[in-house]
Amino acid sequence: MYSADRLNDIYDKTDGRCHICREKLSWSNYGEPGNSGAWEVDHSNPRVNCGTDRLTNLYAACIPCNRSKGSKSTRSQRA
């Protein structure tokens with residue numbers, strides 16, 4: 001879904017860390033549940049809540065954080 005360049009931009013925004021819990025992510029484990037440092041692209045404002053696919057709304061998040069966040073905004077998840 002995302003090009004390698006786009007994934008790199010998203011990953012680099014948070015210096016390779018989950019933007020929710022700040023754990024270190026592994027670039028090579030994108031979309032690999034169960035692997036150390038596995039991550040996904042998180043929509044800070046979820047698409048279900050009219051969030052966009054613009055880079056300003058996309059962040060790297062570890063899979064557990066991203067999946068537990070569900071359709072909540074990042075702001076409400078951190079609160």
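**Close-up 1. Asp-15 in the loop between helix H1 (4-13) and strand E1 (39-43)****.** In this predicted model, Asp-15 occupies the loop that runs between helix H1 and strand E1. Asp-15 has a relative accessible area of 60% and is therefore exposed. On the surface, Asp-15 belongs to a patch of negative charge that also contains Asp-5, Asp-9 and Asp-12.

**Close-up 2. The salt bridge between Glu-40 and Arg-67****.** Two salt bridges are counted in the model. In one of them, the side chains of Glu-40 and Arg-67 meet with an N to O distance of 2.6 Å. Glu-40 belongs to strand E1 and Arg-67 to helix H2 (residues 63-69), so that distant parts of the chain, 27 residues apart, are linked by the pair. Glu-40 is buried, its relative accessible area being 14%, whereas Arg-67 is exposed at 54% relative accessibility.

**Close-up 3. The salt bridge between Asp-42 and Lys-69****.** The closest N and O atoms of Asp-42 and Lys-69 lie 2.8 Å apart.

**Close-up 4. The edge-to-face pair of Tyr-11 and Trp-27****.** Four aromatic pairs are present in the structure. The ring centres of Tyr-11 and Trp-27 are 5.5 Å apart, and their planes meet at 75°, which makes the pair edge-to-face. Since Tyr-11 lies in helix H1 and Trp-27 in the loop between H1 and E1, the pair ties together parts that are 16 residues apart in sequence. Tyr-11 is buried, with a relative accessible area of 10%, while Trp-27 is partly exposed at 37%.

**Close-up 5. The tilted pair of Trp-27 and Trp-39****.** The rings of Trp-27 and Trp-39 have centres 5.9 Å apart and planes at 35°, and the pair is accordingly classed as tilted. Trp-39 is buried, with a relative accessibility of 0%. Ring pairs join Trp-27 and Trp-39 with Tyr-11 and Tyr-30 in a cluster.

How values were computed: Residues numbered from 1 in each chain as written. Predicted model: local features only at pLDDT ≥ 70, side-chain atom pairs only at ≥ 80, totals over all residues. Heavy atoms only, no water. Patch = residues over 30% accessible without salt bridge, like charges linked within 9 Å, V, L, I, M, F, W, Y side chains within 5 Å. Areas by Shrake-Rupley, 256 points an atom, 1.4 Å probe, with all protein chains shown as cover. Salt bridge = Lys/Arg side-chain N within 4 Å of Asp/Glu carboxyl O. Lys, Arg positive; Asp, Glu negative; His and termini not counted. Charge placed at Lys NZ, Arg CZ, Asp CG, Glu CD. Helix = DSSP H or I, 4+ residues; strand = E, 2+ residues; numbered from the N terminus. Buried < 20%, exposed > 50% of the residue type's maximum accessible area, 1.4 Å probe, protein only. Phe/Tyr/Trp six-rings, centres within 6.5 Å; stacked < 30°, edge-to-face > 60°.
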